[in-house]
Amino acid sequence: MTRRYDPDRRQRIIDAAIRVVARGGIAGLSHRTVAAEADVPLGSTTYHFASLDELLIAALRQTNDSFAAAVRESGALADPGCDLAGELARITGEWLAGDRTGVELEYELYLAALRRPALRPVAGEWCAALGDEVTRRTDPATARAVVALLDGICLQVLLTDAVYDAEHTREMLTRLIPAVPVAGADPGGKLAA
């Protein structure tokens, strides 16, 4: 029997795992369900991923960066004159208002690290990626606090079906982020004449 060359099989398995989790949660994930979803032999899933944790790590890595990417791609943090709190609140709202299934999937995989220690380093990458973006405009300690606040707000919205409140988020972020002096301003905050 000739073995078929299939260089994209590993990626198809990861994509299938993401679809399985999106549809039925992590509880529905098995090598068998992923193989059926990817339309590959069962042995292919275990060949590429010896354990379900390995498969979940690959899936989490693939879904992990969407919020940090939204922040990065907005370009807002590159502008030192932008209202950082306002921009982060706006981007958070846009992200939460986007593909809800994708947002929920990202958080489900992220929170799976509670019970699966192998996922914890990858979950930490989510926080680090966002923190790196925010650190472009503030210090690392403040960036960590901002990430924790945004993470908490997103979890509350997702878990309680609350309506996202951009103004509240902006207000809370403003409390964390030190004001950046405007060029030409005196210490009292008035523009120099």
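Here come some questions about a predicted model, each with a worked answer.

Q: What percentage of the residues of the chain count as buried?
A: A residue counts as buried if its relative accessible area is under 20%. Apply that to the 193 residues of the chain, and the share that counts as buried is 41%.

Q: Among contacts with a separation of 6 or more, what share comes from residues 24 or more positions apart?
A: Here we look at contacts in the chain with a separation of 6 or more. Residues 24 or more positions apart account for this share of them: 63%.

Q: Is Val 20 buried or exposed?
A: First find Val 20: it sits in helix 1, residues 9-24. Leaving out residues up to four places away in sequence, Val 20 touches Gly 25, Gly 28, Leu 29, Thr 33, Val 34 and Glu 37. Its relative accessible area is 6%, and the limit is under 20%, so Val 20 is buried.

Q: How far apart in space are Val 20 and Ala 36?
A: In sequence, Val 20 and Ala 36 are 16 residues apart. In space, going C-alpha to C-alpha, the distance is 9.9 Å.

Q: Which helices do the buried residues of helix 5 pack against?
A: Helix 5 covers residues 66-74, and its buried residues are Phe 67, Ala 68, Ala 69 and Val 71. After the helix comes Gly 75, with a positive phi near 75 degrees. The buried residues pack against helix 6 (84-97), helix 7, helix 8 and helix 9.

Q: Why do the rings of Tyr 107 and Tyr 110 count as edge-to-face?
A: The structure holds four aromatic pairs. In the pair of Tyr 107 and Tyr 110, the ring centres are 5.5 Å apart and the planes stand at 85 degrees. Planes over 60 degrees apart count as edge-to-face, so this pair is edge-to-face.

Q: What separates Tyr 107 and Tyr 110 along helix 7?
A: Both are buried: Tyr 107 has a relative accessible area of 3%, and Tyr 110 has 12%. They're three residues apart in helix 7 (residues 100-111), so the separation is about one helical turn.

Q: Which parts does the pair of Tyr 110 and Trp 126 tie together?
A: Tyr 110 and Trp 126 form a tilted aromatic pair, 5.1 Å centre to centre with 45 degrees between the planes. Both residues are buried. Tyr 110 lies in helix 7 and Trp 126 in helix 8 (residues 120-135), so the pair ties together parts that are 16 residues apart in sequence.

Q: Why are helix 8 and helix 9 called oblique to each other?
A: The axes of helix 8 and helix 9 (residues 140-160) come within 8 Å and cross at roughly 125 degrees. Roughly perpendicular stops at 115 and roughly antiparallel means over 145, so these two helices are oblique.

Q: How many nonpolar, polar and charged residues does the contact of helix 8 with helix 9 have?
A: Helix 8 passes helix 9 in a right-handed crossing. Helix 8 brings Trp 126, Cys 127, Leu 130, Gly 131, Val 134 and Thr 135, while helix 9 brings Pro 140, Ala 143, Val 146, Val 147, Leu 150 and Asp 151. By class, that comes to nine nonpolar, two polar and one charged.

Q: Which residues does Thr 138 touch, not counting residues up to four places away in sequence?
A: Thr 138 lies in the loop between helix 8 and helix 9. At 13% relative accessibility, it counts as buried. Its contacts are Ala 143 and Pro 178, not counting residues up to four places away in sequence.

Conventions
Residues numbered from 1 in each chain as written. Predicted model: local features only at pLDDT ≥ 70, side-chain atom pairs only at ≥ 80, totals over all residues. Heavy atoms only, no water. Phe/Tyr/Trp six-rings, centres within 6.5 Å; stacked < 30°, edge-to-face > 60°. Helix = DSSP H or I, 4+ residues; strand = E, 2+ residues; numbered from the N terminus. Buried < 20%, exposed > 50% of the residue type's maximum accessible area, 1.4 Å probe, protein only. Axes fitted to C-alpha atoms, helices over the stretch in contact; angles between N-to-C directions. Parallel < 35°, antiparallel > 145°, perpendicular 65-115°, else oblique. Left-handed = near helix turned anticlockwise from the far one by under 90°. Contact = heavy atoms within 4.5 Å. Nonpolar A, V, L, I, M, F, W, Y, C, P; charged D, E, K, R; others polar.
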